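Here is a short briefing to read alongside the structure. Have a look at the model first, and then we can walk through it together.

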Amino acid sequence: MVRWEERRGAADGSDPALSAPSAGTMSPPKENVSLLFKLYCLTVMTLVAATYTVALRYTRTVDTELYFSTTAVCITEVIKLFLSVGILAKETGSLTRLITSLKENVFGSPTELLKLSVPSLVYALQNNMAFVALSNLDAAVYQVTYQLKIPCTALCTVLMLNRTLSKLQWFSVFMLCGGVTLVQWKPAQATKVQVEQNPWLGFGAIAVAVLCSGFAGVYFEKVVKSSDTSLWVRNIQLYLSGIVVTLFGVYMSDGAQVHEKGFFYGYTYYVWFVIFLASVGGLYTSVVVKYTDNIMKGFSAAAAIVLSTVASYILFGLQITLTFSVGAFLVCISIYLYGLPRQDTTKIQPSETKSSKERLATV
């Protein structure tokens with residue numbers, strides 16, 4: 001595994017190994033990151049995704065006072081901000097350099113903060129939709145259906161990052177969509193969950209989250225890989241905007257109840273565990289985006305389906321149907337097909353003679 005010190009850059013992002021090409025410049029040397037480190041990041045992402053989904057589902061279905069999901073999303077952004085500041089402090093090496101970096105790149109760059117407010121808003125909506133979905137759908141059903149973010153991400157990748165996907169990649173994407181369709185044909189039911197649920201509301205929430213995930217993930221990847229700014233400075237910009245957006249969401253959605261019952265009403269150790277997983281997952285997402293790409297990240301998360309299904313069977317009494325099994329199997333096969341040798345998509349390719357629409361038409 002590569003140490004943080006081996007991958008870190010200066011506070012101003014001057015390390016070319018961490019910098020993506022700016023518009024009109026030549027691509028810098030590829031990051032010296034081993035395949036083992038990439039596999040480590042993706043493995044951790046898979047475990048965190050599965051555990052987070054099951055734990056969040058548990059906190060929304062237990063017979064206790066239900067907490068406000070909007071406050072949980074806000075607290076997650078605050079924790080990720082502090083963790084990012086801590087990592088940036090380690091990169092800069094001194095308190096003086098840290099303060100200088102924050103002044104120059106964060107507080108002295110309102111334009112950059114405004115630029116990152118776009119994915120912050122979309123991510124906030126996505127995270128809140130996850131709570132709505134898992135309040136109404138089983139964790140395994142959610143995990144499979146949520147993989148529809150991959151086709152959305154693939155489309156955004158082609159249109160926004162000037163990349164092309166092979167026919168095999170597109171085939172695997174459509175196979176995944178077919179697998180998800182089978183899962184939703186006759187959704188598996190959990191016999192141990194007694195709370196009232198609305199599956200259609202859950203599916204609608206997933207649809208919104210899928211669209212948000214595809215756009216925001218590719219947008220943030222483009223911002224990270226198209227400038228010399230440190231990854232952790234970008235994270236700080238993202239989370240600062242995210243805190244403002246999520247606080248506004250708390251006020252608009254649950255303002256009166258939060259004022260009456262308190263910001264941390266209904267919080268238990270399990271809720272804090274979910275928040276911790278969301279915070280860690282957010283930081284690992286940043287690393288994965290920097291050294292792989294969003295589609296690869298999405299397919300690694302699909303592997304969490306198996307873990308979520310086993311956990312749902314044990315904890316929630318999930319009744320695994322034939323259509324669910326076949327659909328989940330197709331999703332796993334699509335992961336294998338996508339992993340076959342293909343072109344490197346970890347870099348933003350320069351604009352070519354063909355437009356995005358022409359590339360889509362030739363696939």
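Is I314 buried or exposed? This is a predicted model, and in it I314 has a relative accessible area of 54%. Because exposed residues are those over 50%, I314 counts as exposed.

**Around I314**
- I314 belongs to helix α13, which covers residues 304–315.
- A nonpolar surface patch is formed by V306, V310, Y313, I314, L315 and I320.
- Together, the residues of this patch have about 590 Å² of accessible area.

**Helix α10, a bent helix**
- Helix α10 takes in residues 231–261, and its end C-alpha atoms are only 38 Å apart.
- For comparison, a straight helix of 31 residues would span 45 Å, at 1.5 Å a residue.
- If you follow α10 along its length, you will find a bend of about 95 degrees at D254.
- Just after α10 comes G262, which takes a positive phi of about 110 degrees.

**The chain as a whole**
- The secondary structure comprises 15 helices and zero strands.
- The chain has 363 residues, and 53% of them count as buried.
- Take the contacts between residues at least 6 apart in sequence: 88% of these join residues at least 24 apart.

Methods: Residues are numbered from 1 along each chain as its sequence is written. This is a predicted model: local features need pLDDT of at least 70, side-chain atom pairs count only at pLDDT 80 or more; totals for chains, interfaces and linings use all residues. Side-chain values use heavy atoms; hydrogens and water are left out. Patches are made of residues with over 30% relative accessible area and no salt bridge: like charges are joined within 9 Å, nonpolar side chains (Val, Leu, Ile, Met, Phe, Trp, Tyr) within 5 Å. Accessible areas come from the Shrake-Rupley method with a 1.4 Å probe; for residues, only the protein chains shown count as cover. A salt bridge is a side-chain nitrogen of Lys or Arg within 4 Å of a carboxyl oxygen of Asp or Glu. Helices (H or I, at least four residues) and strands (E, at least two) are DSSP runs, numbered from the N terminus. Buried means under 20% relative accessible area, exposed over 50%, partly exposed in between (1.4 Å probe, protein chains only). The expected span of a helix is 1.5 Å times one less than its number of residues. The bend at a residue is the angle between axes fitted to the seven residues ending there and the seven starting there. Contact means heavy atoms within 4.5 Å.
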